[in-house]
Amino acid sequence: MRIRIVDAFTDRPFAGNPAGVLLLDAFPDDDRLQNIAVEVNHAETAFAHRLPEGGEADWALRWFTPAAEVNMCGHATLATAHVLHTTGAHEGPVRFATRSGVLIATPGADGSITLDFPTAPLTRVEPPEGVAKALGAEPLTTFDTGPNVGDLLVELADEQTVHALTPDHKALGAYSERGIIATARAENLALGYDFVSRCFFPNVGIDEDPVTGSAHTALAPFWSERLGRTELTGLQASPRSGRVRTRLVGDRTLLTGRAVTTIEGELLV
């Protein structure tokens with residue numbers, strides 16, 4: 001089996017969010033998929049195989065962290081679409097059958113890829129007791145992001161507060177299914193982004209995710225309502241960093257970014 005490491009939501013290597021990508025003839029048993037994801041040891045490893053023609057999807061797609069299978073992953077979907085297009089395995093828009101329904105990835109003429117994902121339903125909730133201490137900052141507002149994303153979205157006072165976070169990762173696991181999205185409005189629009197975020201996912205084995213496509217299905221409606229625009233750009237301010245362009249279309253969120261393959265090899269076992 002060929003295995004590739006792809007940096008997603010970036011146009012340069014060693015930035016954005018790395019994902020393992022394996023194109024298979026069929027899915028092996030779940031233990032084997034999980035063991036491969038542990039060996040790859042990136043935030044996500046994506047496994048895909050071609051489906052018969054004439055169905056609602058072209059490829060089946062699953063995502064595993066080193067700790068668990070997840071319901072939705074943006075950067076590993078972008079990485080998989082990038083591999084399909086750059087290797088010639090698929091041309092044009094690709095429809096993926098996933099745990100979150102059929103997700104479509106469309107290549108752009110400029111080399112970007114746009115993902116069509118369901119928008120996360122946001123429900124305002126009271127800040128849970130102890131979350132400010134665990135995160136290291138006082139929330140302005142907090143929102144549940146629904147079953148596909150599975151995070152608690154926490155709005156903070158300003159961009160510098162987001163950059164300065166040094167959370168207690170273990171403690172953060174008590175407040176949602178996956179983890180915490182911390183966000184604030186951008187301080188300087190001249191830098192080319194509208195909001196900033198950081199994502200901490202201790203419950204799936206990821207202390208801090210470099211760039212999270214799925215989180216932007218919640219960040220897009222959150223900031224679009226506040227900023228009065230359906231098209232925005234988010235900066236995820238992890239050490240690797242990356243940008244995600246978002247557009248709301250009905251009950252869908254379009255996520256646009258680029259990807260770079262950095263490693264290609266062979267799985268020997």
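Trainee: Does threonine 233 count as buried or exposed, and why?

Mentor: A residue is called buried under 20% relative accessible area, exposed over 50% and partly exposed in between, with a 1.4 Å probe and protein chains only. Threonine 233 counts as buried because its relative accessibility is 15%. Please note that this is a predicted model, in which local features need pLDDT of at least 70, side-chain atom pairs count only at pLDDT 80 or more, and totals for chains, interfaces and linings use all residues. Residues are numbered from 1 along each chain as its sequence is written, and side-chain values use heavy atoms, with hydrogens and water left out.

Trainee: In which strand does threonine 233 lie?

Mentor: Helices (H or I, at least four residues) and strands (E, at least two) are DSSP runs, numbered from the N terminus. Threonine 233 belongs to strand β15, which covers residues 231–236.

Trainee: Which residues does threonine 233 touch?

Mentor: Contact means heavy atoms within 4.5 Å. Leaving aside residues up to four places away in sequence, threonine 233 touches Gly192, Tyr193, Asp194 and Phe195, together with Arg243, Val244 and Arg245.

Trainee: Which members of the largest nonpolar core touch the most other members?

Mentor: In soluble globular proteins, nonpolar side chains tend to be buried together. A nonpolar core is a set of buried Ala, Val, Leu, Ile, Met, Phe, Trp, Tyr and Cys residues joined through side-chain atoms within 4.5 Å. Here the largest one has 47 residues, and Trp63, Phe96 and Leu115 touch the most other members. Helix α2, residues 74–87, contributes the most to this core, with six residues. A second, separate core has 19 residues, including Ile180, Tyr193, Phe200 and Leu235.
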